[in-house]
Amino acid sequence: LKNPGDECQIHGGTYREDITVSGLRGTKENPIVIRGVPGERPSFDGTVDITPIDGSWKVDGDIYYGEITQQIWQLFFDDLMMTNARWPDANWSEKTVFDGGNHWERTSMTSIRGKIVDKGTGLQESGKDMTGAMAVLNIGSWNTFVAKVDHHEAGQNYFTYDDTFGKIKFNLRLGRYFIEDKLELLDSPEEWFFDKSTAMLYFIPPKNADISPTTQLRGKVQTYALTITDS
């Protein structure tokens, strides 16, 4: 790619390169084009195959686990995107992750900035210690924020967090939240957790699915395939 009207045509297949494009100048009449070869379908894929260093996954109840070499931030079981271990439980396959009415908890009007009080007794009855997990907080009307849980004990119906959100419209009447990213929250099919400090991956396969020689586990390691600047 150099002059107006130039094309880069890509054959069908899977591509995992990270390409930087800079300083290209097309025109309205003769744009510079990057496209698939006509009739072929290239795919940019930011994932890699995931296998345990020991050669096989260990099993503890429903949980599979093992040390891996990659730092991943998304896990796919065959073609299914798994869900970061969370409470209340929800998953991608049934789209319950989008069901704020039933799969997020509600905030009590007694909450204050830096302290979330559960409207019901769900948090108290969960029996989980949420300290160190990540709280996803829809407390700014349509705006949602993320903060680490600073303090919570099993049986408490509130938790604290460091409020660094600045000037927001703090809305408790419609406020909702869920908590994710802690091993103790891994308790349902399609959930996963990756411990960055130990490189240990933990996951529970989808319902009625087992790890077999044909199972494809893939982890996301790349966000962008093309980075285009000054063009």
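Ala, Val, Leu, Ile, Met, Phe, Trp, Tyr, Cys and Pro count here as nonpolar, Asp, Glu, Lys and Arg as charged, and the others, Gly among them, as polar. This is a predicted model: local features need pLDDT of at least 70 and side-chain atom pairs count only at pLDDT 80 or more, while totals for chains, interfaces and linings use all residues. Residues are numbered from 1 along each chain as its sequence is written, and side-chain values use heavy atoms, with hydrogens and water left out.

Start with the pockets. A pocket is an open set of points on a 1 Å grid over the protein atoms alone, with protein on both sides within 12 Å along at least five of seven lines; a cavity is instead a set where a 1.4 Å probe fits but cannot get out, and lining residues have an atom within 4 Å of a point. Grid points are joined across faces, edges and corners, and a volume is the space filled by probe spheres set on the points.

The second largest pocket holds about 180 Å³ of space. Its lining has nine nonpolar, no polar and one charged residues. Leu-1, Cys-8, Ile-10, Tyr-15, Glu-17, Ile-19, Val-21, Ile-34, Phe-44 and Leu-226 make up that lining. Strands (E, at least two residues) and helices (H or I, at least four) are DSSP runs, numbered from the N terminus.

The largest pocket has a volume of about 250 Å³. Of its 13 lining residues, Thr-83, Asn-84, Arg-86, Val-97 and Glu-180 are the closest to its centre. Strand E11 (83–84) and strand E18 (176–180) are the elements that give two or more residues to this lining. By class, the lining has eight nonpolar, three polar and two charged residues.

Strand E11 leads on to a sheet. Five strands form an open sheet in the order E7-E8-E20-E19-E11, with mixed pairing. Strand E7 (58–60) and E11 stand at the edges with a single partner strand each, so one side of each is left without a neighbour in the sheet. Two strands pair if DSSP finds at least two bridges between them. E11 and strand E19 (residues 191–195) run parallel, joined by two bridges. Asn-84 stands opposite Trp-192 in E19.

Next come the aromatic contacts. Rings of Phe, Tyr and Trp (its six-membered ring) pair if their centres lie within 6.5 Å; planes under 30 degrees apart count as stacked, over 60 as edge-to-face and the rest as tilted. The count comes to ten aromatic pairs. Tyr-65 and Tyr-202 are stacked, because their ring centres are 5.8 Å apart and their planes at 20°. Tyr-65 lies in strand E8 (residues 63–67) and Tyr-202 in strand E20 (residues 200–203), so the pair ties together parts 137 residues apart in sequence. Tyr-65 is partly exposed at 22% relative accessible area, whereas Tyr-202 is buried at 16%. Buried means under 20%, exposed over 50%, and partly exposed in between (1.4 Å probe, protein chains only).

Trp-104 and Phe-178 form an edge-to-face pair, 4.7 Å centre to centre with 85° between the planes. Phe-178 belongs to strand E18 and Trp-104 to the loop between helix H1 (100–103) and strand E13 (105–106), so this pair ties together parts 74 residues apart in sequence. Trp-104 is buried, with a relative accessible area of 16%. Phe-178 also counts as buried, at 9%. Trp-57, Tyr-64 and Phe-203 form one aromatic cluster.
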